[in-house]
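Please look at the model first.

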Amino acid sequence: MDQLIPSLHLLLDPLAPAFRSEVYALFCDLVAAWIVCLGRRTISRVWETTGQAEQRNHAAAYRLFSEAVWNWDEVCRLLLLHVLALVPGVRLWVVVDDTLAHKRGAKVAFGGIFLDAVLSTKKHKVLRFGNNWVLLGVVVELPFRRNRYFCLSILWRVYTKQGAKPKQEHRTKSQLAAEMLTVLAGWLPQRQILAVADSSYLGKHLLKKRPAQVDALGPIHWKAALYEAWPQPQGRRQHGDRLPTPKEMLADDRQWPAQKQKITFKSGVTRELEVKTISGVCWYDTAGPQAVQVVLVHDPLGQWRDEALVCTDVTLSATEVITGYCRRWSVEVAFCDAQQFLGFHDPQVWCALSVERAAPMAWFVATLVMCWYV
């Protein structure tokens with residue numbers, strides 16, 4: 001603790017209630033060493049960086065992850081206080097996605113063979129063995145970097161395939177994302193949360209079971225079954241007549257005329273797009289009977305692909321929906337930074353508790369460093 005920079009000490013002090021005193025001291029030492037460690041961030045190398053390798057056995061560092069009593073959710077609930085200082089207003093933008101941590105060894109808990117999206121292309125799919133992690137991050141804007149969004153990781157869950165060891169109740173990745181949104185909403189009952197996700201997550205688990213103050217935004221399938229939304233259900237019928245699919249709506253300029261809008265994106269690029277906003281519809285099979293809005297986007301220059309977006313918050317404008325979905329890319333940058341600079345793949349652990357704690361250390365440190373820098 002004496003080796004910590006005072007300003008970093010101030011950031012870590014609010015996290016102390018999540019640990020016993022001796023565990024907290026060791027945790028702080030490893031966090032500081034994780035930040036300044038050179039080379040691969042294996043547990044033993046991080047322990048050497050603390051400068052205590054000659055006085056104490058390195059087993060203490062491994063026991064922090066495999067045996068000590070603490071929980072990432074409780075730690076990150078306290079860390080969220082620092083993150084909220086960067087988010088003005090009552091609306092909190094969050095993003096959910098998943099990534100693969102490369103591992104080796106048949107005994108690695110929660111291990112499985114998954115698609116590696118980083119190494120794959122549309123024509124060539126690459127499969128790797130490892131742990132598949134689902135992440136929820138808070139998207140923030142910083143006054144000194146107005147040309148991009150930053151994703152600060154707050155919650156995460158490791159995905160387990162059916163039949164994998166250790167055996168536990170199987171939940172899909174979208175169910176894990178919905179669970180984390182429920183946890184976040186319980187922490188912040190007075191905040192309005194808007195979750196941005198891609199098509200893999202924007203399904204019934206995320207939309208139907210979300211808390212009251214949580215809305216969602218993301219792509220909708222081009223052949224999605226849409227219906228007229230009713231303010232109040234009438235008998236057994238929960239919705240009105242069937243409507244054309246988003247693909248048919250985009251092609252029908254007579255019934256659904258497009259409006260040309262100039263939209264300025266975070267990078268500073270301004271593009272004139274043809275936009276159709278369809279309100280008063282419901283995506284009953286996936287989102288239930290409540291009204292949602294669908295925003296269809298077409299680039300007249302043909303340089304960008306057509307997009308079909310759905311948002312459960314009908315008060316947002318089409319521009320806010322389009323630029324809001326662009327916030328999703330910040331999580332990809334967060335994945336890249338954690339893997340290239342903070343050793344997300346590096347910890348060589350295999351038991352269940354160590355796997356659940358070691359790899360996310362890279363995300364925790366990334367969020368902590370961002371708050372520290374700001």
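Let me begin with a charge and a ring: R327 lies over the face of W93, 4.1 Å from the ring centre. That label applies if NZ of Lys or CZ of Arg is within 6 Å of the ring centre and within 35 degrees of the ring normal. R242 lies over the face of Y227 too, at 5.7 Å from the ring centre.

A word on provenance: this is a predicted model, where local features need pLDDT of at least 70 and side-chain atom pairs count only at pLDDT 80 or more, while totals for chains, interfaces and linings use all residues. Residues are numbered from 1 along each chain as its sequence is written, and side-chain values use heavy atoms, with hydrogens and water left out.

Turning to ring pairs, a search of the whole structure gives 16 aromatic pairs. Rings of Phe, Tyr and Trp (its six-membered ring) pair if their centres lie within 6.5 Å; planes under 30 degrees apart count as stacked, over 60 as edge-to-face and the rest as tilted. The W70 and W72 rings have centres 4.9 Å apart and planes at 80°, so this pair is edge-to-face. W70 and W72 are both buried, a term for under 20% relative accessible area with a 1.4 Å probe and protein chains only.

How are the rings of F335 and W363 arranged? Their centres are 6.0 Å apart and their planes stand at 40°, so the pair is tilted. This pair links distant parts of the chain, 28 residues apart: F335 is in helix α11 (residues 329-341) and W363 in helix α13 (residues 361-373). Helices here are DSSP runs of H or I, at least four residues, numbered from the N terminus. F335 counts as buried at 4% relative accessibility, and W363 is buried at 1%. Ring pairs join these residues into a cluster whose members include W70, W72, W133, W156, F335 and W363.

Next, the cysteines. The structure holds 0 disulfides, a disulfide being a pair of cysteine sulfur atoms within 2.5 Å. C28 is in none, and the nearest cysteine sulfur, that of C76, is 14 Å away. C28 counts as buried, at 0% relative accessibility. The sulfur of C282 is 15 Å from the closest cysteine sulfur, in C311, which is too far for a bond. C282 is buried, with a relative accessible area of 0%.

Key:
Buried < 20%, exposed > 50% of the residue type's maximum accessible area, 1.4 Å probe, protein only. Helix = DSSP H or I, 4+ residues; strand = E, 2+ residues; numbered from the N terminus.
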